[in-house]
Amino acid sequence: MTIKRNYIAGEWVEGSGTTRNINPADTSDIVGEYATADAEQARAAIAAAYAAFPAWSQAGIQQRSELLDRIGQKILDRKQELGELLAREEGKSLSEAIGEVGRAGQIFKYFSGEVLQLRGDIQPSVRPGLEASVTREALGVIGMITPWNFPIAIPAWKIAPALAYGNCVVFKPAELVPGSAHALTEIIVEAGIPAGVFNLVMGPGRVVGDTIVNDKCVDGISFTGSVNTGRNIAAAAVGRMAKVQLEMGGKNPLVVLDDADLDTAVECAVNGAYFSTGQRCTASSRLIVTEGIYDRFVEAVLERLKTLKIGNPLNPETHIGPVVDERQLQQNLKYVEIAKEEGGNLVFGGEQLQLETDGFFQQPALIIDTTPEMRINREEVFGPVASVIKARDYEHALELANDTEFGLSAGIVTQSLKHATHFKRHAQAGMVMVNVPTAGVDYHVPFGGRKGSSYGSREQGSYAREFYTTVKTAYTSA
Ligand code: NDP
């Protein structure tokens, strides 16, 4: 098996070690073997990005726009093949994986246009005869540290705006999913990226990630992943005054009111909680249901759960693929046990499944009659596990929805305009969904949360420029 290499300073280079990319649906299937970088190689990538920055940041928006458009098109042209690779290495169903690849292509296309929209301000000065202008410039070298759950879309929504606005990139993907990162790098190289502007350094977070975070030549760090890692990265970045942007966990509520359309409520809950194996930071892990619909809702969700097929993601009939790895599977099973011990009532699933191949399959879990203080309602599980909390009325449901240290996405299912409007205004979350699942977002509007879910400026859409550019105010005497 040929070893897929890192890309540093315009060259494909051997690593100091290698790692095997294993299919979580079939552990006998080796997706590929990938080089892992050490700290020295990570520093070489940073130095290359630093050296390339002056020319790239001055290259002009036409060149950058065309490059991004080519990258986006090449991704879209290879949607099926890249979707299969993604499904094999991460485990989400093939249709979800192809959808994610399509999303990555659209993001590059979007930023190829967005870069042409960059504008500043000219204002009269308060001092007669002077003019003040406000412009945006590229930040510099950006370190990107990404998670395993969206192996191509999350890198795309960091890399595309970074390159669009004239930054250079050092990209460190999660160790579990080097395949999509490597394929994306091949596309970026084929599209004609100048040497040093984009660098791929696969390897362990505690080595490669840590080097990126602490190197003084890295001007900004964009991170998505767990709360603990995010906190440590923020502390290190702020300590040396680098710009930092973090997207972390969620404990997202989906409120279902008595007047909800039951079918909509069930689809929102099942899609939001269990699709993509529940491995989404926007997953609806807390289902907050008012008394009048509680029993009917639980019954209908149970019926729907029985129709879901768990299996190999490449099988077109599969709705839910495996958990990403053994460690995550054990974490999910542990939380199901904790919920039971704390008094939750497990009414569906929650156990490991043995299927025809040796993989990390889990039956989605539904735990009812839970209370807000239980750990299952406070800590992110990051798997196909949802808990149900009974609420007295809308006001109580809103209070429960906001009773969390997270604030990424919050949803409500109701036919009441009054309650939907009130919820949009008062939900303490960065994203609010009315009659749609808490997961599933557009690429041209901001993505991000409040409280413990996010830190720094928003990602995606035109709001991404806040992180990837820095503002300059110039005064001119006429
Ligand atoms: P991590 O936060 O550990 O990993 C995210 C990224 O950070 C990976 O690229 C990882 O590299 C890197 N990293 C790890 N340690 C360091 C470090 N010291 N310095 C710099 N970078 C580092 O998440 P995990 O993948 O371990 O998942 C653990 C839990 O995090 C999940 O169970 C889930 O609860 C949550 N999570 C949340 C996500 C979200 O989108 N909200 C996404 C993924 C996970 P490497 O892979 O090499 O360790």
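How many nonpolar, polar and charged residues does the shell around the ligand have? By class, there are eleven nonpolar, twelve polar and six charged residues in this shell; here Ala, Val, Leu, Ile, Met, Phe, Trp, Tyr, Cys and Pro count as nonpolar, Asp, Glu, Lys and Arg as charged, and the others, Gly among them, as polar. The model is a predicted one, in which local features need pLDDT of at least 70 and side-chain atom pairs count only at pLDDT 80 or more, while totals for chains, interfaces and linings use all residues. Residues are numbered from 1 along each chain as its sequence is written, and side-chain values use heavy atoms, with hydrogens and water left out.

The ligand is surrounded by 29 residues, each with a heavy atom within 4 Å of it. The closest are Thr146, Gly205, Ser226, Met248 and Gln328.

In arginine 327, a side-chain N or O atom is 2.9 Å from a ligand oxygen. On its own the ligand has 860 Å² of accessible area, of which the protein covers 85% (Shrake-Rupley method, 1.4 Å probe).

Two or more shell residues come from each of helix H7 (205–214), strand S11 (220–224), helix H8 (227–239) and helix H11 (326–341); helices are DSSP runs (H or I) of at least four residues, and strands (E) of at least two. H7 gives the largest share, four residues. Because domain 1 (3–248 + 453–477) and domain 2 (253–434) both contribute to the shell, the ligand lies between them; the domain bounds come from an automatic or database assignment.

Note on methods
A polar contact is a pair of N or O atoms within 3.5 Å; within protein, one must be able to donate a hydrogen and the other to accept it, and residues adjacent in sequence count only if both atoms are side-chain atoms.
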